[in-house]
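Grab a pencil and have a go at these exercises. Try each task yourself before you read the solution under it.

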Amino acid sequence: MPLLEVGKLKRSRGKRIAYHGSEILPPLPVAGEEIKPARPVEYRLSLTNAGDAIVVDGTILAELDVCCNRCLSSLVYPLEAPFQETYYDSALPQPDGAQADWVPFSGEQINITPEVVQTMLLHLPMRFICREDCLGLCPVCGADLNKNPCRCVQDEPDPRLAKLKDLLS
């Protein structure tokens, strides 16, 4: 759980500090499944005291253990996502310029885990593919077409083209 120490930063308006680190994050919940990070997630962030808020921006680097959506082989997906959030101290009156998406925090630390997970989820692709020319699995026997060609006979026409076949015969 990444906790950013901001005690000294809160007292120095305009100050900017760098934060580099890595943390083990819980698995990401995606479509009823969990995607596990292959190694600790790395953070390269800068924290800026903007007066009314602490602005955290930088990059999140992760490697995720996933399965190819075509052939079901395991792969490690590299993820690099930009991160930017604005946090305000909930113990103080809400700043006049506060936006609806500003995140409250209290104390001397900011827990950025929920926002990091959300950022990672937003930067995941729709489908994980091991390589562009992945052939996937045979729809009849389930063989991996990347390893060996399948000998299945596939006489079933695409149901979307059935009417066209009737017109041509």
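## Exercise 1: a threonine in a helix

Threonine 119 is buried, because its relative accessible area is 8% and the cut-off for buried is under 20%. Keep in mind that you're looking at a predicted model.

**Task.** Work out where threonine 119 sits and what its side chain reaches.

**Solution.** 
- Step 1: find the element. Threonine 119 is part of helix α2.
- Step 2: follow the side chain. At 2.8 Å, the side chain of threonine 119 reaches the backbone oxygen of glutamate 115.
- Step 3: recall a bit of helix geometry. An α-helix has 3.6 residues a turn, so residues three or four places apart point the same way.
- Step 4: look further along the chain. Setting aside residues up to four places away in sequence, threonine 119 touches Ile60, Ala81, Pro82 and Phe83.
- Step 5: zoom out to the helix. The buried residues of α2 are Thr113, Glu115, Val116, Val117, Thr119 and Met120. They pack against β3 (28-30), β5, β6, β7, β8 and β9 (109-111).

## Exercise 2: the nonpolar core

**Solution.** 
- Step 1: start with the core itself. It has 32 residues, and Leu64, Ile112 and Met120 have the most contacts inside it.
- Step 2: see who contributes. At least two core residues come from each of β5 (41-49), β6 (54-67), β7 (74-89), β8 (103-105) and α2 (113-122).
- Step 3: check one residue up close.

**Solution.** 
- Step 1: locate glutamate 5. This residue lies in strand β1 (residues 3-5).
- Step 2: list the contacts. Beyond its neighbours within four places in sequence, glutamate 5 is in contact with Ile17, Glu108 and Gln109.
- Step 3: spot the polar contact. The side chains of glutamate 5 and glutamine 109 make one, at 2.4 Å.

Notes:
Residues numbered from 1 in each chain as written. Predicted model: local features only at pLDDT ≥ 70, side-chain atom pairs only at ≥ 80, totals over all residues. Heavy atoms only, no water. Core = buried A, V, L, I, M, F, W, Y, C linked by side-chain atoms within 4.5 Å. Buried < 20%, exposed > 50% of the residue type's maximum accessible area, 1.4 Å probe, protein only. Helix = DSSP H or I, 4+ residues; strand = E, 2+ residues; numbered from the N terminus. Contact = heavy atoms within 4.5 Å. Polar contact = N/O pair within 3.5 Å; in protein donor to acceptor, adjacent residues only side chain to side chain.
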